[in-house]
Each structure stands twice: as structure tokens, then as C-alpha cells.
Amino acid sequence: MRDYSEFEKGNRKEEECIPKNLEAGKVFDFLKKDQRNYWLFGEIPLRETKGNQVLGKPIASVIILEATHFLEGKEMFTRGKYKVVDVFDPNDKTPKFDGLDRIK
């Protein structure tokens, strides 16, 4: 997802960005362009993207609660909801995921 500043600048919808008030236990909406497949049976990393597959390290662990594909005009999108399990300290360099597997 994109940094929240992209919403504040008017470049992205709020659901396309990492919420400012990201905290464990909260549920948030998401929106991604194109058709996406998400793991629905466990935690996955939430990462900031700069675009062109440039991803930051995991900033939180989330569970996808639902995902739906839809067309807007001729463009495909995926929207849904995720629940935050854990928010990671940005100064902690300990790996949190190995691929999609959570390291505890």
C-alpha cells in the first residue's frame, strides 16, 4: 500500500494507503488496482510500496478478512477489509516474515 501522504496530496484514494492510525485490533478497508489474490488463512505482511514492485520491509502483520474483485469502467480492482494483528517498531531490525510465513 502507499504512504498516507499520497492520499493527502490527492494522488490516491484513502483505501489505497496505509492508515495513519494503524494499530493492532483495528479493521481497515483496502483498494488495489488489478485483480489480486490474497492468503485468507493466516497473517501476511503489510508493506509500503513505492510502485513498480519496490516494497519496503513489513510494517505490520494483517489478516485479510474479505476480498472482492470488481470492474470500474474497463479497469479491474480488488477491494476488501483487513485486520491488523501486530504493528512493528520501525527501529526493530529483527525479521518478522520469511516470505509469507510469520516469524515469532
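Two strands pair if DSSP finds at least two bridges between them. In this predicted model, strand S1, residues 27–33, meets that condition with strand S6, residues 75–87, because 7 bridges join them. The two strands run antiparallel. Within this pair, Lys33 stands opposite Phe77 of S6.

S6 also pairs with strand S5, which covers residues 60–72. Here the sense is again antiparallel, and the pairing extends over 12 bridges. Glu66 has Lys81 in S6 as its bridge partner. S5 and S6 form a hairpin with 2 residues between the strands. In this hairpin, Gly73 adopts a positive phi near 70°. As background, side chains in a regular strand alternate between the two faces of the sheet.

Asn52 has a phi near 55°, a positive value in a residue other than glycine. For Gln53, phi is near 65°, and this residue too is not glycine.

Exposed means over 50% relative accessible area. Asn52 reaches 80% relative accessibility, so Asn52 counts as exposed. Gln53 has a relative accessibility of 77%, and therefore Gln53 is also classed as exposed.

Key:
Residues numbered from 1 in each chain as written. Heavy atoms only, no water. Buried < 20%, exposed > 50% of the residue type's maximum accessible area, 1.4 Å probe, protein only. Helix = DSSP H or I, 4+ residues; strand = E, 2+ residues; numbered from the N terminus.
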